[in-house]
Amino acid sequence: LTKAVAPSGNSVITLHEDINYDGTIVFPYSCTLDFNGHTVVTKQTSGNGIQISAAGSQNKVTTVKNGTLLHFEIGLRIDGGGIIVENMTIRPKSGAPLGMYETSADYKDINRVSNSTLSSGLYGAIVFNKKNADFSETGIRVERSVLISEKAGGSSTINKQSGTTAGAITFGTNVELYTYG
């Protein structure tokens, strides 16, 4: 699966069945990943779900859509490039559904979550997670989505790593935020 991703970032992967994988799925470059109604379950005791290591040379934005991702810590770890999440349910056992590590301003108007449910098993549903990084030039738009933080005390739906400057969060229509704390 990961070897199918070209350095250009133009690869499109469509799932035809559910996937259970005992580890983190690491894509070397941005791509489009269509779950096609299927579920991906990665290791449930440690690690992340899907990691995007770098932006592609032509397409610098990863699109993840149409399915369910179940994982342990960070669901979608975006180390390089932008991210679009559409029609997804993402739920960790302990951690955040979406971890932003890319600080570039190039993706501020591209990063988006829409028609999705991001439910955090511990801290924020979206987290700016690169230690001591400055995300002030970037951010993400959330629309027609539900963000949930399940931690009993001190929870928040949007969070940041200690020492980090958070990016901008823009809310469109029909966004619901829930915490249990």
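Three bridges join strand 3 to strand 6 (residues 50-52), and the two run parallel. Strands here are DSSP runs of E, at least two residues long, numbered from the N terminus. Two strands pair if DSSP finds at least two bridges between them. This is a predicted model: local features need pLDDT of at least 70, side-chain atom pairs count only at pLDDT 80 or more, and totals for chains, interfaces and linings use all residues. Residues are numbered from 1 along each chain as its sequence is written, and side-chain values use heavy atoms, leaving out hydrogens and water.

- Within strand 6, Gln-51 is the bridge partner of Val-26.

**Strand 9 and its partners**

- Strand 7 (residues 61-71) and strand 9 (residues 82-92) run parallel, joined by 10 bridges.
- Leu-69 has Ile-90 of strand 9 as its bridge partner.
- Strand 9 is also joined to strand 11 (residues 112-114) by three bridges, again in parallel.
- Here Glu-86 stands opposite Ser-114 of strand 11.
- Two bridges link strand 9 to strand 12 (residues 117-120), and these strands run parallel.
- Ile-90 stands opposite Leu-118 in strand 12.

**Salt bridges**

- The structure holds six salt bridges, each defined as a side-chain nitrogen of Lys or Arg within 4 Å of a carboxyl oxygen of Asp or Glu.
- Glu-86 and Arg-112 meet through their side chains in one of them, at 2.8 Å from N to O.
- Glu-86 lies in strand 9 and Arg-112 in strand 11, so the pair ties together parts that are 26 residues apart in sequence.
- Arg-112 also meets Glu-143 in a salt bridge, at 3.8 Å from N to O.
- With Arg-112 in strand 11 and Glu-143 in strand 14 (residues 139-143), this pair ties together parts that are 31 residues apart in sequence.
- Glu-86, Arg-112, Arg-141, Glu-143 and Arg-144 are linked in a network of salt bridges.
- Arg-77 forms a salt bridge with Asp-79, with the closest N and O atoms 2.9 Å apart.

**Burial**

- Buried means under 20% relative accessible area, exposed over 50%, and partly exposed in between (1.4 Å probe, protein chains only).
- Glu-143 is buried at 12%, whereas Glu-86 is partly exposed at 22% and Arg-112 is partly exposed at 23%.
- Thr-32 sits in strand 4 (residues 32-34) and is buried at 15% relative accessibility.
- Beyond residues up to four places away in sequence, Thr-32 touches Ser-11, Val-12, Ile-13, Thr-63 and Lys-65; contact means heavy atoms within 4.5 Å.

**Whole protein**

- The protein has 18 strands and zero helices.
- Its radius of gyration is 15 Å, close to the 16 Å that the globule rule gives for 181 residues, so the protein is as compact as a globular protein of that length.
- That radius is taken over C-alpha atoms, and the rule is 2.2 Å times the number of residues to the power 0.38.
- Buried residues make up 47% of the 181 residues.
- Of the contacts between residues at least 6 apart in sequence, 68% join residues at least 24 apart.

Methods:
Helix = DSSP H or I, 4+ residues; strand = E, 2+ residues; numbered from the N terminus.
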